[in-house]
Amino acid sequence: MLVYPQLATGALSQFPVQKRRSLRTVVNTSLDGRAIKLADPGAETTEWQLAYAGLTDDEVAALEQFFAASEGTLNSFTFLDPTGNLFAWSDQLSNAAWTAGPFLSLTGGIADPAGGMNAWRLANSGAGAQNISQTLSAPAGYLYCFSLFARSLAGTPVTVLHGTNCINQILGTDWSRIIVAASGDPSAESIAFGVEVPAGESADVFGMQVEPQAGASLYKATTIGGVYQNARFRDDVLSITTTGVNCHSATVNILYANNI
Amino acid sequence: MSTFPNLKTNAVAQYPATRSFRYQNQALRFLEGVEQRYRDSAGPLHRWEIRLAALDESEMAALEQFFFDNQGCFGNFAFTDPWDGTQYANCSLASDQLGLTALAEMQGKTSLTVIENRG
């Protein structure tokens, strides 16, 4: 599986990042000005323009090797949206994208720290620990930052699951953001993130987010997630400009289309 | 029906914002040069150009999600005119394309055009 490389810092891109989403709507406009519209979701495309500066020799070599492995626009690869939350349906823990333990009950519509009603209460009625997680089809060896807001009225100790890493955290009665940045098994081609609640305990969670970088940014609610398989380079040319010793710059355009 | 998302400040737009009205009149010109004009629509249609800067990541994500939920210019939504507070129930985005630029942390930039629909 080809996967777009991270920089030495663990980031996938630098500022500025440009993202362009394009859809297609067929519009039939009547003489009286009314319009009949037909959506064509299959024609959706997403493009990113990543402008790099100050790349080291190693970073630019990795980029060149990856471009060579992709053979320009020929081969597809997995691209992790550097501006997005990699989770799908991050505010809908009852969605099929999430896997919850059989004795873990999920109650939505709880007041969240952002002023909405998108938090969830996880209550474990079983005799053992139960978790809710989402598995991403992305390389486990990458650096990911998993963050969530959590609280508990009873000081519940929860376990944050970050691939093979498990981090124990005792929750307070107020919302606090838990941030875990780590990388996992470099040979695994998928990685799961989630939270585990011990037997007989409950916890409120909100804003689960995974980003392919070392730090957490503001929470972004999602529906489609940020893992794009079958992305491609938009161009067959990769130009690297060397601006000094061990200092290079480049601009990369990446395209994802549903219909390719 | 969905509603156009507000920013965290509860504002809809930032400066500079552009609002326009469009009538749809027809003109018939006769041989002697005289013109006869008539209305070809029930009234004006509004158009708002909304340019947004200094957005944080949550606001950018909310706008992107709104664009995605509406499938570009396909979906209709209610839009409140930031000039006078009038709500227009039948509006849509003008384009099937949305560009988002992250210049730095909490320095997102985008622009959208909202049009009022007939009927």
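Reader: Among contacts in chain B between residues at least 6 apart in sequence, what share join residues at least 24 apart?

Author: The share is 57%. Two residues are in contact if their C-beta atoms, placed from the backbone, lie within 7 Å. This is a predicted model, in which local features need pLDDT of at least 70, side-chain atom pairs count only at pLDDT 80 or more, and totals for chains, interfaces and linings use all residues. Residues are numbered from 1 along each chain as its sequence is written, and chains are lettered from A and ligands numbered from 1 in the order in which they are written.

Reader: How many helices and strands does chain B have?

Author: Chain B has 1 helix and 9 strands, in the order β-β-β-β-β-α-β-β-β-β from the N terminus. Helices (H or I, at least four residues) and strands (E, at least two) are DSSP runs, numbered from the N terminus.

Reader: Why is chain B called more spread out than a compact globule?

Author: Because its radius of gyration is 18 Å, well over the 14 Å that the globule rule gives for 119 residues. That radius is taken over C-alpha atoms, and the rule is 2.2 Å times the number of residues to the power 0.38. The C-alpha trace of chain B spans about 65 × 30 × 25 Å along its principal axes.

Reader: And what percentage of chain B is buried?

Author: Buried residues are 23% of the 119 in chain B. Buried means that 20 or more other C-beta atoms, placed from the backbone, lie within 10 Å of the residue's own.

Reader: Which strand of chain A pairs with E8(B)?

Author: Strand E1 (residues 17-22) of chain A pairs with E8(B) in the antiparallel sense, over 6 bridges. Two strands pair if DSSP finds at least two bridges between them. Ser22(A) stands opposite Gln97(B) in E8(B).

Reader: What about the open sheet of 5 strands in chain A, what's its order?

Author: The order is E6-E9-E14-E11-E12 (chain A), with antiparallel pairing. Strand E6 (99-100) and strand E12 (165-170) of chain A are at the edges with a single partner strand each, so one side of each is left without a neighbour in the sheet.

Reader: How many bridges join E9 to E14 there?

Author: Strand E9 (residues 130-136) and strand E14 (residues 191-197) of chain A are joined by 7 bridges. Gln134(A) has Phe193(A) in E14(A) as its bridge partner.

Notes:
Buried ≥ 20, exposed ≤ 12 C-beta atoms within 10 Å, placed from the backbone.
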